[in-house]
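This briefing describes the structure shown below. It moves from individual aromatic residues to the core and then to the chain as a whole.

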Amino acid sequence: MSENPSGAGAGAGAGAGAGAGDGRTPEHGEPDRPIPPGDGTAPAHGEPPTAAPYEASAVQPADYPAQMGAVAQGAQMKRRNPVAVWIGLPLITLGIYHLVWYYKIHAEMQDFDRRRKIATIGPVLVLIFLSWTVIAPLISYYRTGDRIVESQRAAGIPTTCAPIIGVLLMFVFGLGTLYYQVELNKVVDAYGGKATPPGTVVPLRA
């Protein structure tokens, strides 16, 4: 018996018509999903559009850092002459300036990155009351070096300060003071140096 070509074609046509008419795809039998109206920014594979980076947002808070890549804000530190800090002013003030300098750099590092808790009076008290132990001041100087490293990291510059070098230089005519001030100046210079007044809001990058 011969097959009826016209009958097969009619059946196929009916099946195709049913699939097209009821909104179901022939392959899976699921209803077609309408494409929602959009701005043309959605990816080609139906994934939700990725949100734009915060820096690229059209509207930003007034206090948000203008520099790209900033993760927080801090206050600019003061740039000091390392030689004056090391020997000039301490000689004039009979050593008192060293304590003033030690307090100020800790206070400035605290204001520079308030995400960290940095003691300001404590380190000075260690030098005043525990110098006779020798060990306590050395530990304090080492921790100061660590704080300078963290400040350099927050500024997004290479962390070149080595706390152990700062401690060892304290035994060589107190050169650790000069060394630490040079390293702190690198952080200040990352934000324009003396052109940026101390206390100016600056972006932290790490």
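**Aromatic residues and their burial**

Tryptophan 101 counts as buried because its relative accessibility is 0%, under the 20% cut-off. The model in which this residue is found is predicted. Tyrosine 102 also has a relative accessibility of 0% and therefore counts as buried.

**Aromatic pairs**

- There are 4 aromatic pairs in the structure.
- In one of them, the ring centres of tryptophan 101 and tyrosine 102 lie 6.1 Å apart and the ring planes meet at 35 degrees, so this pair is tilted.
- Tyrosine 179 and tyrosine 180 also form a tilted aromatic pair, with 5.9 Å from centre to centre and 40 degrees between the planes.
- Tyrosine 179 counts as buried because its relative accessibility is 14%, and tyrosine 180 counts as buried because its value is 0%.
- Trp101, Tyr102 and Tyr141 are linked into a cluster by ring pairs.

**Nonpolar core**

- The largest nonpolar core has 29 residues, and those touching the most other members are Met77, Trp101, Tyr102, Phe112, Tyr180, Val187 and Tyr191.
- At least two residues of this core come from each of helix H3 (96-112), helix H4 (121-129), helix H5 (135-155), helix H7 (175-189) and strand E2 (201-204).
- The greatest contribution to this core is that of H3, with 6 residues.
- Beyond its neighbours within four places in sequence, phenylalanine 112 is in contact with Gln73, Gly74, Ala75, Met77, Ser151, Ala154, Ala155, Val187, Tyr191, Val202 and Leu204.

**Buried side of helix H4**

- Pro123, Val124, Val126 and Leu127 are the buried residues of H4.
- These residues are on the same side of H4 because they cover an arc of only 155 degrees around the axis.
- H3 and H5 are among the elements that cover the buried residues of H4.

**Chain as a whole**

- The protein chain contains 7 helices and 2 strands, and along the sequence they follow the pattern α-β-α-α-α-α-α-α-β.
- Of its 206 residues, 33% count as buried.
- Among contacts in the protein chain between residues at least 6 apart in sequence, 61% join residues at least 24 apart.
- The protein chain has an accessible surface of about 13000 Å², and carbon and sulfur atoms account for 65% of this surface.

Conventions
Residues numbered from 1 in each chain as written. Predicted model: local features only at pLDDT ≥ 70, side-chain atom pairs only at ≥ 80, totals over all residues. Heavy atoms only, no water. Core = buried A, V, L, I, M, F, W, Y, C linked by side-chain atoms within 4.5 Å. Buried < 20%, exposed > 50% of the residue type's maximum accessible area, 1.4 Å probe, protein only. Helix = DSSP H or I, 4+ residues; strand = E, 2+ residues; numbered from the N terminus. Contact = heavy atoms within 4.5 Å. Arc of directions from axis to C-beta. Phe/Tyr/Trp six-rings, centres within 6.5 Å; stacked < 30°, edge-to-face > 60°. Areas by Shrake-Rupley, 256 points an atom, 1.4 Å probe, with all protein chains shown as cover.
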